[in-house]
Amino acid sequence: MPDLNVKVGLIGKFDMLKFKNMKKVREKAIQAAPAEEISGVFPVNENTKALHPDFIELVIDRIVDHGEAQAKTFVLKRPDGAPLPYFRAGQYISLKLPVDGSFVTRSYSLCSSPKEALGGEYAITVRANPGGFVADRLLAEKKPGDRFISSGPQGFFYYEDLRDAKHVVGLAGGSGITPFLSMARALVDGVEDFELTLLFGSRDEDNILFRGELDEIARVCPKFKVIHVLSEEEKEGFEHGFITADLIRKYAPDGEEYSVFLCGPEAMYKFLKPEIEKLGLPERLFRRKLIDVTKTPWECEGYPQEARGKEFSIVVKQGPQEWTIPASADEPVLVAVERAGIKAPSRCRAGECGWCRSRLISGTVFIPAENEMRRWADVHYGYIHPCCSFPTSDLTLEIPGEFF
Ligand code: FES
């Protein structure tokens, strides 16, 4: 062993002495401690559980019908009316719903202010989606007193001053307005502090969700501005057409850095992607929230066209259980699993949260680039997010148990 010739100073000698005596000191402390059992209730654990519960039981307190806009707002409370977990304006909750013998989850952005959570209320807004699996049933069947199982608040679509510019230009389409309404309400309540200029695209004036409230917030809150953009109607006081790079530049702050936040349907995202690229923003200044995963994977770059329209089979393993189920190449693996009545975990349904993470034992899948958010190790070791993976061959898949 080489002679390291280490010199230990006086203070270092004291440290070494302390270290040598550590065992004795600890034994003494243990002997001196009371013999009763430790309570097992630690404030930090209790706070964590309250802020990030595995699930919450919610009951519909009241429903607001938005008439022409074909949407309803559901105001939700705990059965005992207790405060709900606080959240960041822009986050969502995931509801677990029984549909035709299956259990499915759907994520809905909270449109209420975080401050209202402390008063025991969350609000979500559901818009009609003809041909969809869940939204129209919620609108037609749910009434005050009905109960849901929900996740706690989740997601990353919120203002973060370490990352985002102080001025945010929000781009919303249809029901994509809900996270922005939460942000606007939070600005009024003073629980968020940034400037929000919102370009809100709707078909025509009658279709503008929350028009009255958005305009009222813009009137009383200097940090919030809304511009209504109508695609099928030309009227004074409104912008006409689609949101474009030129329109964003027109309302973005002059000579000042700004972030762009986008929430809207897939068609809007596809249209706006090249427009936003024209702005030349650094990547960190662009945030998006997709409402759902694509319904037309074959239009995505890199899709293996020979798989389109084919039927495959999936061997699904979950603990000791195993099923063989049919799956269409045109739908995400998670949808096939849910159709088969298998309880599988999921929350965001857009590749972001990792809640559905499963091991692909054999077979191949296609993942659209905008939903590819797996960790490097997951890609390397063959894990997929079934919510945004489309089968392109027969598969064998190991899914985790369902915990909520
Ligand atoms: S449900 Fe979030 S990644 Fe699949």
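The model is predicted, so local features need pLDDT of at least 70 and side-chain atom pairs count only at pLDDT 80 or more, while totals for chains, interfaces and linings use all residues. Residues are numbered from 1 along each chain as its sequence is written, and side-chain values use heavy atoms, with hydrogens and water left out.

Begin by selecting strand E3, residues 92–99 (strands, E, are DSSP runs of at least two residues and helices, H or I, of at least four, numbered from the N terminus). In E3, 7 of the 8 residues are buried, where buried means under 20% relative accessible area with a 1.4 Å probe, protein chains only.

Next select strand E6, residues 147–150, which is antiparallel to E3 over 2 bridges, with Lys96 opposite Ile149.

Move on to Phe210, in the loop between strand E8 (195–202) and helix H6 (211–220). Phe210 has a positive phi of about 60 degrees although it is not a glycine, and its relative accessible area is 10%.

Finish at Arg349, in the loop between helix H9 (333–339) and strand E15 (358–362), and then at Glu370, in the loop between strand E16 (365–366) and helix H10 (376–380). Arg349 is buried at 7% relative accessibility, and Glu370 touches Tyr269, Arg288 and Leu290, not counting residues up to four places away in sequence (contact means heavy atoms within 4.5 Å).

Methods:
Buried < 20%, exposed > 50% of the residue type's maximum accessible area, 1.4 Å probe, protein only. Pairing = 2+ DSSP bridges.
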